[in-house]
Amino acid sequence: MTSAPPAPRKRFGQHFLHDPMVLSRIVAAIAPRTDDHLVEIGPGLGALTLPLLQEAGRVEAVELDRDVIPHLRERCAGSGELIIHQADALSFDFQSLALQGSLRLVGNLPYNVATPLLFHLLDQLHPVDSLNPPLVRDMHFMLQREVVERLAAHPGGGSYGRLSVMVQYRCSVERLFTVAAGCFRPPPRVESAVVRLRPHAIPPVVVADHHSFALLVRQVFSQRRKTVRNTLRDLLAETAIREAGVDPGARPEVLSIAQFARLAEALPQAQARSSNEVV
């Protein structure tokens, strides 16, 4: 027998889920099968890992905290094949796991790294400049409720922003259900929610230069209370913004993904005109 499980660590953003009803709902939403390539991020003490193993027979896990790993192994012993990678998910090479087939990612993500981790996963597993299909089939994550609202937000709402645009460009987003703070140990100060992300086989809009698209979205939302005319002053003339079908006086939170794509398409044309004028 191992020693008593370690207490959740604040520096790792750990809040261990313990509510059996919530765990059952998550497993039902995932609906694991024996031929799935399941990868759990941040399994902690294995509350979700165990039922996933019992359903699928095999789970790979990426866990940063080496002290919880003995308890994770003990809890899951005899329930299936558990492969543990002791590593930081923010720098882990998920592509190496996808060599064995498309991944199904799950996890109760630490709230303090959730957004950069989402971008890391999408960049690795769904490169938009690749002709190959996505390396991940779907993702089921527990996140802070406000983050899930931002992921699923539509133009015109206060939650709509850079995260909404960049993730929805890559994935369909389905908010599944909320989870009360009391379902965790220790209880976080915020509500949580479970979200399902499914990468698009084909992006919903055509973007010729993905780097320009990402830079433009970041630039526009860096000053979200200003108009598009002002935030893009150094990149696009007002006439170019109008030609892209966008009102220069609009604020970024009302623009659709298609409008961002058209603005990004106008960037190289504007830069080419500027170069010709200089010459």
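Author: C171 counts as buried, because its relative accessibility is 1%. Buried means under 20% relative accessible area, exposed over 50% and partly exposed in between, with a 1.4 Å probe and protein chains only. This is a predicted model: local features need pLDDT of at least 70, side-chain atom pairs count only at pLDDT 80 or more, and totals for chains, interfaces and linings use all residues. Residues are numbered from 1 along each chain as its sequence is written, and side-chain values use heavy atoms, with hydrogens and water left out.

Reader: Is C183 buried or exposed?

Author: The relative accessible area of C183 is 11%. The cut-off for buried is under 20%. C183 is therefore buried.

Reader: How many disulfides does a search of the whole structure find?

Author: A disulfide is a pair of cysteine sulfur atoms within 2.5 Å. The search covers the whole structure. The number of disulfides found is zero.

Reader: How much of the chain counts as buried?

Author: The chain has 11 helices and nine strands. These are DSSP runs numbered from the N terminus: helices are H or I with at least four residues, strands E with at least two. Of the 279 residues, the share that counts as buried is 48%.

Reader: Among contacts between residues at least 6 apart in sequence, what share joins residues at least 24 apart?

Author: Contact means heavy atoms within 4.5 Å. Counting pairs at least 6 apart, the share that joins residues at least 24 apart is 68%.

Reader: Why do the buried residues of helix 1 line one face?

Author: Helix 1 spans residues 20-30, and its buried residues are V22, L23, I26, V27 and I30. Seen down the axis, they line one face because they fall within a limited arc, taken from the directions from the helix axis to the C-beta atoms. An α-helix has 3.6 residues a turn, so residues three or four places apart point the same way. For helix 1 the arc is 135 degrees.

Reader: Which residue caps the N-terminal end of helix 1?

Author: The face turned away from the buried side carries the exposed P20, M21 and A28. At the N-terminal end, the backbone nitrogen of M21 lies 2.9 Å from a side-chain oxygen of the capping residue. That residue is D19.

Reader: How many aromatic pairs does the structure hold, and which residues join Y160 in a cluster?

Author: Rings of Phe, Tyr and Trp (its six-membered ring) pair if their centres lie within 6.5 Å; planes under 30 degrees apart count as stacked, over 60 as edge-to-face and the rest as tilted. The structure holds four such pairs. One of them is edge-to-face, Y160 with F221, at 6.2 Å centre to centre and 75 degrees between the planes. Ring pairs link Y160 into a cluster with F221 and F260.

Reader: How far apart in sequence are the parts that Y160 and F221 tie together?

Author: Y160 is buried at 0% relative accessible area, and F221 is buried at 10%. Y160 lies in the loop between helix 6 (145-152) and helix 7 (162-170), whereas F221 lies in helix 8 (residues 210-221). The pair therefore ties together parts whose separation in sequence is 61 residues.

Methods. A polar contact is a pair of N or O atoms within 3.5 Å; within protein, one must be able to donate a hydrogen and the other to accept it, and residues adjacent in sequence count only if both atoms are side-chain atoms.
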